[in-house]
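Dear colleague,

Please find below the structure that I am handing over to you. My findings follow it.

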Amino acid sequence: MRYSKYFLPTLREVPADAEVTSHQLMLRSGMVRRIAAGIYDILPMGLRVIRKVENIIREEMNRAGAHELFMPSILPAELWQETGRWDFYGKELLRIRDRHGREFCYGPTHEEIFTDLVRRDIRSYRQLPQNLYQIQTKFRDEVRPRFGLMRGREFSMKDAYSFDRDRTGAEESYRVMREAYTAIFKRCGLQFRAVEADSGKIGGSLSQEFMVLAETGEDSVVSCDGCDYAANLEMAEVKGEVSGSFADSGQDPEKVDTPGQKTVQEVTDFLGISPINLVKTIIMNGDKGAVGVLVRGDHEVNPVKVRRLVDDETLELAEPELVQKVTGAPVGFAGPLELDIPLYADNAVSHMSGFVTGGNAADVHMQGVDLSDFIVKAFGDLREAVQGDPCPRCGGSLTFLRGIEVGHIFYLGTKYSEAMKAHYLDESGAEQVIEMGCYGIGVGRTAAAAIEQNHDEKGIIWPVPIAPFTVALLSLDPGKEEVHAVAEAIYDDLIQMGVEVLFDEREERPGVKFNDADLLGIPLRVTVGGRGVKEGVAEIKERATGEEQKVPIEKVVEIVKEMIDARS
Ligand SMILES: [Zn+2]
């Protein structure tokens with residue numbers, strides 16, 4: 001591609017409305033332009049990257065035995081009503097009416113649509129298993145779209161759905177997808193972790209997220225330094241046994257005045273104790289009523305774990321008015337003594353005695369409290385993991401990383417197939433419900449995450465497999481006949497070899513060309529200039545390492561080819 005002919009509008013300045021690096025660099029390198037909140041034009045440079053990611057996804061999905069098809073993006077309300085998600089999805093679903101007043105939505109995901117296809121065309125166990133996928137545009141009406149392609153409203157997604165005869169088959173489909181995803185992100189040249197995840201809105205019980213590691217990532221990833229255990233923070237298990245017998249301090253609970261001391265820090269400073277000798281009481285409220293959750297002063301409650309233990313998905317932190325009503329005190333003074341709601345405690349609390357708690361009255365705490373002074377309905381793992389916690393698998397040490405979720409795999413079970421009556425006949429002619437799984441990858445998000453992981457102050461550093469071009473060929477004196485001829489010859493030869501080249505033959509100063517090459521992040525830069533041509537050499541520079549070498553002009557193409565092969 002000749003730069004002078006290309007549609008590649010780069011920007012020198014960092015755009016004021018772009019908060020994160022990948023968004024800034026996508027705008028500056030002419031990959032995308034915003035046309036409305038969360039809605040972007042993908043320019044030629046951006047599309048080249050998107051297509052590369054798509055092709056890797058496609059090849060690995062096909063290799064895994066999945067079949068590509070293409071579904072509409074405008075979906076009829078009736079299918080969504082069958083599963084109840086027409087109401088459940090809320091405002092994220094962009095709803096539209098056609099001229100006859102019929103309701104549709106712009107698809108944010110396609111479980112219903114794939115299930116509908118399969119229930120109509122699959123009759124017998126002989127037609128199973130199936131794994132169907134598409135790479136398609138989705139729309140989710142996010143409240144706060146931001147960060148460019150990282151969290152757009154309209155975005156490209158690969159979504160796959162597996163259909164199996166039974167749970168064993170579905171788990172096998174899930175395993176195959178996990179391997180395919182691992183291959184996909186490896187081939188994209190990205191550092192990533194597959195982490196255990198909450199299955200959230202879609203439902204089901206087996207679920208993993210694929211996180212591209214980047215310091216700027218929005219998600220906390222907990223990762224073991226001794227084995228391959230990794231989980232997102234909300235799911236990270238804390239290995240901790242509940243104590244078989246509770247210690248007793250021999251003290252009776254005693255009131256202590258703590259005027260205005262509400263936070264753990266304030267109370268422990270005021271009383272001159274360590275946070276590990278305090279028990280926090282968190283009031284949560286849900287459809288089944290309020291509960292009290294007890295954790296050690298230096299720990300944080302993990303609401304996902306509480307919801308699971310209590311078996312109430314609707315539990316949220318209680319509003320101050322409810323805390324006042326339940327405890328008789330403003331926020332900051334809740335305690336377990338004489339509290340008339342079920343109490344759940346983290347395992348670590350079972351090892352404590354003679355601790356401090358809130359006093360259920362303003363400006364009052366209790367000290368010398370033991371577990372024998374109140375009733376805990378159940379103990380469990382209810383806190384967030386912290387740096388250095390033991391790994392639940394191997395006992396190694398947990399560390400925290402930042403990541404960007406780019407893929408998600410779920411075992412769905414029969415949630416959709418039951419609601420939509422997707423059945424098949426088994427060998428004995430009996431009707432059975434199909435078992436499902438679903439598997440998504442954000443295509444634009446993967447490109448954005450690649451930039452978050454691979455950039456420096458000058459610009460993007462694309463991994464070779466998803467780079468828009470592999471070589472930037474710079475002609476520094478395009479006006480000089482001998483330089484022009486050498487650069488043109490190298491350009492032709494590289495193209496002949498099937499190398500993707502961006503040939504910068506613009507009438508621009510060398511500094512401008514170097515800056516643009518760095519900004520665009522093309523893995524290899526080949527520079528042809530007046531002095532080099534006289535000496536019979538050109539320069540090859542690797543974007544990632546900054547390593548430069550001068551090579552004889554007649555060897556350039558051969559060496560470039562070798563370097564690409566070594567990095568692909
Ligand atoms: Zn481990």
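Of the 568 residues in the protein chain, 43% are buried, where buried means that 20 or more other C-beta atoms, placed from the backbone, lie within 10 Å of a residue's own, exposed means 12 or fewer, and partly exposed lies in between. The model is a predicted one, in which local features need pLDDT of at least 70 and side-chain atom pairs count only at pLDDT 80 or more, while totals for chains, interfaces and linings use all residues. Residue numbers start from 1 along each chain as its sequence is written.

The protein chain contains 15 helices and 31 strands; these are DSSP runs numbered from the N terminus, with helices being H or I of at least four residues and strands E of at least two. The C-alpha atoms fill a box of roughly 95 × 70 × 50 Å along the principal axes. Of the contacts between residues at least 6 apart in sequence, 71% join residues at least 24 apart, two residues being in contact if their C-beta atoms, placed from the backbone, lie within 7 Å.

According to the domain assignment, the protein chain has domain 1 (44-236 + 400-452), domain 2 (254-380) and domain 3 (469-567); such bounds come from an automatic or database assignment. The C-alpha centres of domain 2 and domain 3 are 66 Å apart.

Helix α1 (residues 21-28) is mostly covered, with eight of its eight residues buried. These buried residues pack against β1 (32-36), α2 (44-63), α11 (443-453), β25 (455-456), β26 (459-460) and α13 (510-520). After α1 comes G30, with a positive phi near 70°.

Two of the partners of α1, namely α2 and α11, also pack against each other at an angle of about 110°, with their axes 9 Å apart. Axes are lines fitted to C-alpha atoms, for helices over the stretch in contact, and angles run from 0 to 180 degrees between N-to-C directions. The angle makes α2 roughly perpendicular to α11, given that 65 to 115 degrees counts as roughly perpendicular, under 35 as roughly parallel, over 145 as roughly antiparallel and the rest as oblique. The residues divide into five nonpolar, two polar and one charged, with Ala, Val, Leu, Ile, Met, Phe, Trp, Tyr, Cys and Pro as nonpolar, Asp, Glu, Lys and Arg as charged, and the others, Gly among them, as polar.

A further helix pair is α12 (residues 481-496) and α15 (residues 556-567), whose axes come within 10 Å and cross at roughly 40°. That makes α12 oblique to α15. The crossing of α12 past α15 is right-handed. I490, D493 and L494 of α12 and V556, V557 and V560 of α15 make the contact, which comprises five nonpolar, no polar and one charged residue.

Finally, some backbone details. The peptide bond from L128 to P129 is cis, with omega near 0°, and P129 lies in the loop between α5 (111-121) and β7 (130-139). D311, a residue other than glycine, has a positive phi near 60°; D311 is exposed, with 9 other C-beta atoms within 10 Å. K421, also not a glycine, has a positive phi near 55° and is found in the loop between α10 (415-419) and β22 (423-425).

With kind regards

Note on methods: Left-handed = near helix turned anticlockwise from the far one by under 90°.
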